[in-house]
Amino acid sequence: MRVCFQIITFLLAVNFYCQPLRAQDPSCCHHAAESSRCKDACDQLTTIKSESRLKHLLQRLPSYCPESMNELWMCINSTLPGVSRKSDGWVGLGCCELAISAECRRECKQASSKNDITKVCKKITENSLYSCITKNEMGSTCCSYAGRHTTCREYCQAIFRTDSTPTVSQINAVKEYCQSHSAQLLSCVSNFTKSYPIRSPIDSLYCCDRAEATHCQVSCRRILRTMSTEHEIMDGLINECGSQPLPQEPMWQCFLGSAHPPSPTEEETPHPAKMDCAKLHCCSKANTSLCRDMCQEISTNWGSQTWQDFDQLCEYNPVETELINCLSDVREPCQLGCKDLTYCTNFNNRPTELFRSCNVQSDQGAMNDIKLWSNGTIKMPFMNIPVLDIRKCLPDMWKAVACSLQIKPCHSKSRGSVICKSDCVDILTQCGDRKRFHEGQTPERICELLSPIDDPERCIPLHRYLTPSSLGNNIVEEVIHPCNPNPCPSNHLCQVNRKGCLDELNCQPYLCVPGCKLGEASEFLVQQDSRIQVPTRMGPAGCFEVCSCGPSGRLENCAEMPCVDTTKHCVVGGQRKSHGTSFRIDCHTCSCFAGDTICSTRECLNFDSSDKDRRHFTGLPCNCPDRFVPVCASNGRTYPSACVARCKGFKDQQFLFGQCRLSNPCAYKPCQRNQRCIPKYSVCLSDSSDCLQYECVGRQLSCDKNSVEPACDTDGMVHPSLCQLQQAGKTLAYMGHCQDTCGKPQQVCGHNGETYSTVCDAFSDRVAVDYNGPCQAVGAVSDVAPDSACSLIPCPRLSTPGCQPVTPPGACCPICASMLQILWNKEQMNTFSKLNKNRPVTVHGVLQILRLHVSVPQCDVFGYLSIDHELVVLIAPVDQQPTPLQIEACSKEAEKIDSLINYASPTLVSHVPLSAFLTSEIKTSSIRSSGGAPPSPLPLGLCFLLGLVVAAAPGLQQL
Amino acid sequence: MHKPLRKRSLYVFLCFGIIYLRLGALSSVVALGANIICNKIPGLAPRQRAICQSRPDAIIVVGEGAQMGINECQYQFRYGRWNCSALGERTVFGQELRVGHREAAFTYAITAAGVAHAITAACSQGNLSQCGCDREKQGYYNQEEGWKWGGCSADIKYGIEFSRRFVDAREIKKTPRRLMNLHNNEAGRKVLEERMKLECKCHGVSGSCTTKTCWTTLPKFREIGYVLKDKYNEAVHVEVVRASRLRQPTHLKVKQTQGYRKPMETDLVYIERSPNYCEEDAATGSVGTQGRLCNRTSPHTDGCDLMCCGRGYNTHQYTKVWQCNCKFQWCCFVKCNTCSERTEVFTCK
């Protein structure tokens, strides 16, 4: 009887605390050392996992270990927690496995109540452990309502087991057995097991389609539609689909995938791995759908297999030159200047030519290539060309070829980097090994595949690199390239230092600023705080989003732009033009943008204009008379007369008489009580919001000491930044260091029709000087207009005699600089402004971004909005008397930017306001004498011959 | 008049608040929350269940990884008497092998490697929210050798760490089997880590590779399968050393007559000898070879004499019918012929 009682006690204990048995200390078994059978049985107690086997063993245990083994039984009694003394055991023991840290687990197993573990186990990190303990505690209180030996209690315990959530059958069993016992237990249990109705299980119907068996699909749909609680749905799905949920099965994956996890403690914004947004821009330029898809594949999914496929199919395909040029722009943009090469010395000292990869590695690469080719075969990616010994047959030409292939000179207009076909045929005819050519391989056929272009505009002539540069071996300091080669560490962008430094002694010509990469797998960097336009990953071709480069080094805060339909064509004069192409209509430049034809608004004269029209033609909009009575319009620009302003669409109340910079925008006290109003003149390109000409500055306590942007005040003192100037209560004269030449106020007229108090003021507004003195007249806007009132104005002398000057539209005097006339899209500017919290897009802002693309400190960017609403950008040398080399460098920079705009290269188009540029026209000013040195022996020889003839003439006469 | 009304409305709001809070514990969109599904997934240890509940997106990848491991196991052993087929109920990690023999060693190693592989691949794809490309492999440029890190390197450390946390959580009891399983898990993961590949892309046309951009990628899982199969063939028989005060197993040593040597980290270890798998035996976990297909002419283990353990085989002749010579007809359908052949197939008795 006593045995029976003990067995039943054990059984109950096992029922109550089956999990903690695993933690039983087996050292009890050493009490049974004498009897090996007993010891084995005791050892087995610790290894048994399942409840039923444990029950069986305990039933048999007394037969192995007689009760006379008192110490053993006492030991087992005490270590089986809660056998006789219920208070000793602790409900939480079964939860100890959920603890994450090992110390917590140990502490938990030795604890006897929840308070013991609070020191070691922190509630924040051990969520699952604490929830399990709470559950178990609730279970023990609920089930204590039932009597100790009842089936009711058994079923009650089963519900609170740690592992699974209770099934419907278990809940029903409790109800059945416990109805008669106590209503409190029932209510306590039902509190715990209440199954809440689910909101809209129908939303997950799509997951049913993923199931593999059709009967499972059908019943899944039926279950989701009819049942409403979680338990029912789960039980139903498990019964119908035949097995427990497995995360390998697609249907359960779908359910798990849409299950929102509880909010994680730190939310890291998901970044697209393996993405390269810069290359994605280029994919829309592909001509064939195969290459477009492959391009998208390599931009979104980094892997070497896709690269190899792309190389084979698209990299050397002549149809895809635009795509390939675009991709090479992203990888290795064209940069001015080449120097310090040891092997390809003919490429040194060329500061005004563009190269993609002028560095030590390419130099070495060319040397290695020559070594490889000396073996007799040139291995190209898709063919082998057998050649004679290149050391004997035209070695100079081969060296030039190897160096060009590695250093990749860039043509300034087309940015192509292929060798000209005639050169290719030439060299292969002379040096190709005919005997080893394959069937049908001839130099013409080979060159057709390798370099099919012979257009001097698009291919690189080799003869230029057969001789060293005409500038000689002297180190050229007139034009320097501080960022080529890149001196900055990785993840930092190199920029030309145009601000100067406060510490004059250690001023470097470049600055290294932190940047962001456009995607994890990209190499293309943009400056911090700049706004970038990237194509969206999913979605059709014309959809972009605007992101900003954050301090973390990644793009964040992306906002989607409305999509542009790039498949729409424009119909112009009976012809279809596709999106992105530019063309001329009369004297206008036009561009097709998603079905709209956007044209410039110049005044044109055509063949059939009458003579009367020609006589009265002024070139100004609406043929307004060229009087100069300036008005300031609401976009911040000064127009030469009210007629012009009205013609450009401004209503009478939108402009005031007088120049914009002479008005006082703070007159009406637009700022609040504790803020100062400071005039800040700007010309806005977007019109979706007001173009404010002032700034309200509060009383700031501290300025950012790190940003250095020197500002000169009206007293001639320089301050480290504009903020500190304002804090000191001074008035800004102009940005930049104080110059001596601008000490006294000397009025000058800028190209935009505004009068500036000093030259430095004009330069800090990025406007070049037309003539000295206040503005008096408006110049010719088109080429064919007759001379206007400008003829009365004395123009300053050209900075370099011998340059072919350009006259910007609306200005009176010519200038030695290169000029770009850029057509832009107003709708896009408005979109950008709206996405940027309704801050307007200003000309000054656009010019600052364009400045980042000029890599030579001797050239700077100026510009203004012309009367015709085109953006005129001047790239002019900075020095007062520039050398011809500097002027040529600036024209090359202008050509480079022109081609970047016209070909919509991602290096330019990624920056936000610049992507609204449609097309640009360029006029360069070059020196009249030819750029390259003509071979000097020739005129000398001619001279000699002439002299000979002259000397021999008297002799001839005698004949 | 106001006070009791205010009190009552306060209680009403409190009541609603409590109900709302309890209801708010539901997920808003989906029918089945992660908690309830995770509770029903068979074969998960408590800590694994906790990971499942907090990261359901990761558990999908874990399931796929384990499935990949099982598939690879079945591929590698397709010609053997034991062919890694499931025994009884399917769980996340395949069959539960009760005996610690060589086959169990292989199974544990390949599933641990499979989980690590799948997690790393999912990170590189950007499918998991808390990991991405390997940050350490970016930006470094080696001037002399002319290569630099670029692109997106696979973050194998994260995958291995996750696999360690998840798969090793299954081993709870302090038994010799636990030590063996942990060792084999780690061996599988080490094999994967050692086999990471370095891929480079050369910049420049024709021949010379003076500048390269390199990144690390995952190997194909088939390769890991072959390596682990070799290690299975050379698996080491170990026994457990009980060195702690409580005589609990602490580490393994190679079973030799004398000497004391630890097994290598990348070795597969087993503690019991394998049965011959000829007959069905639930105690050892053998399914037997009745009904297995065998190849009459092959001299290897898939030959009928070895596979059927001398019991003999049944020959079954049948006509194999299949579609052949399929041609595409304009515009919209494919027309095929039907070929037939009389073949015979052999199954063990």
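I'll start with the core: the largest nonpolar core in this predicted model has 44 residues, and A:Met251, B:Ile119 and B:Phe166 have the most contacts inside it. A nonpolar core here is a set of buried Ala, Val, Leu, Ile, Met, Phe, Trp, Tyr and Cys residues joined through side-chain atoms within 4.5 Å. Buried means under 20% relative accessible area, exposed over 50%, and partly exposed in between, with a 1.4 Å probe and protein chains only. A second, separate core has 40 residues, among them A:Val546, A:Leu685, A:Ile822 and A:Leu850. In soluble globular proteins, nonpolar side chains tend to be buried together.

Some conventions. This is a predicted model, in which local features need pLDDT of at least 70 and side-chain atom pairs count only at pLDDT 80 or more, while totals for chains, interfaces and linings use all residues. Residues are numbered from 1 along each chain as its sequence is written, chains are lettered from A and ligands numbered from 1 in the order in which they are written, and side-chain values use heavy atoms, with hydrogens and water left out.

Back to B:Phe166. Setting aside neighbours within four places in sequence, B:Phe166 is in contact (heavy atoms within 4.5 Å) with B:Leu44, B:Gln48, B:Ile51, B:Ile59, B:Val62 and B:Phe93.

Next, A:Gln248. This residue sits in the chain A loop between helix H13 (230–241) and helix H14 (250–258). Helices (H or I, at least four residues) and strands (E, at least two) are DSSP runs, numbered from the N terminus. A:Gln248 counts as buried because its relative accessibility is 12%. Its side chain makes a polar contact of 3.1 Å with that of B:Gln67. A polar contact is a pair of N or O atoms within 3.5 Å; within protein, one must be able to donate a hydrogen and the other to accept it, and residues adjacent in sequence count only if both atoms are side-chain atoms.

In chain B, B:Ile36 lies in helix H2 (residues 34–40) and is buried, at 4% relative accessible area. Its C-alpha atom is 8.6 Å from that of B:Gln53, 17 residues apart along the chain.

Chain A has 31 helices and 33 strands. Of its 959 residues, 47% are buried.

Finally, confidence. pLDDT is the predictor's confidence in each residue, from 0 to 100. Chain B has a mean pLDDT of 81, with 85% of its residues at 70 or more. Over residues 15–29 of chain B, pLDDT stays under 50. Where pLDDT is low, the predicted coordinates should not be read in detail. For the complex, the predictor gives an ipTM of 0.75 and a pTM of 0.62.
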